[in-house]
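What follows is a short walk through one protein model, written for someone seeing it for the first time. Please keep the sequence and the 3D view at hand.

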Amino acid sequence: MASAALKVAVAGISRCSRVALLRARSTTAPVHQGVPGSLWKLGRLNHIAIAVPDMEKATALYRDVLGATVSDKVPLPEHGVYTVFVELGNTKLELLHPLGEKSPISGFLQKNKSGGMHHICIEVDDINAAIADLKAKNIRTLSAEPRIGAHGKPVMFLHPKDCDGVLVELEEA
């Protein structure tokens, strides 16, 4: 009886709402059901990166106006960017500014004159296992191999067209 009543109630709800309702009712399906636990594990949000047209102005906003602790500006020539990290307690913001003519941030800022969110960075416990698994699932990466990122750890960017329009950076924890 309860099952029939649930079907009638669910019939008028959007597909996304139905899936959420059925998941909430489920007691057996884990949230990470597609990823074997022994292969690799998704961790915490490391940072949200924001491309900024004026690094000094952006740094001053977070430091002087909002009272955040900010790092020094650091050049990362291998990535074509300057970075400043803003500490937020539970995560960080990464301010990005172009370094050189071929910086990927230059192109982003040409399309977004005021700047804006560039990517999110999520930690993984085993970047090589994560990359192999994601490639097997047809998720494209933006480079053939991981590179060393701003925190001195291996990173890999996933193609935004395969990640619902979001540029995702994976960083080994």
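Aspartate 164 has 78% relative accessibility and therefore counts as exposed (over 50%, whereas buried means under 20% and partly exposed lies in between, with a 1.4 Å probe and protein chains only). Aspartate 164 sits in the loop between strand S8 (154-158) and strand S9 (168-172); helices (H or I, at least four residues) and strands (E, at least two) are DSSP runs, numbered from the N terminus. The phi of aspartate 164 is near 55°, a positive value in a residue other than glycine.

This is a predicted model, in which local features need pLDDT of at least 70 and side-chain atom pairs count only at pLDDT 80 or more, while totals for chains, interfaces and linings use all residues. Residues are numbered from 1 along each chain as its sequence is written, and side-chain values use heavy atoms, with hydrogens and water left out.

Another loop, between helix H5 (127-136) and strand S7 (147-148), holds asparagine 138. Asparagine 138 is exposed too, at 63% relative accessibility, and its phi, near 65°, is positive in a residue other than glycine.

Strand S9 pairs with S6 in the parallel sense over five bridges; two strands pair if DSSP finds at least two bridges between them. Cysteine 121 has glutamate 169 in S9 as its bridge partner. Strand S6 (residues 116-124) is also joined to strand S1 (residues 42-51), by seven bridges, and these two run antiparallel. There, alanine 49 stands opposite histidine 119 in S6.

Threonine 59 belongs to helix H3 (residues 55-65). Its relative accessible area is 8%, so threonine 59 is buried. Leaving aside residues up to four places away in sequence, threonine 59 touches Asp64, Val70, Val84 and Leu95, where contact means heavy atoms within 4.5 Å.
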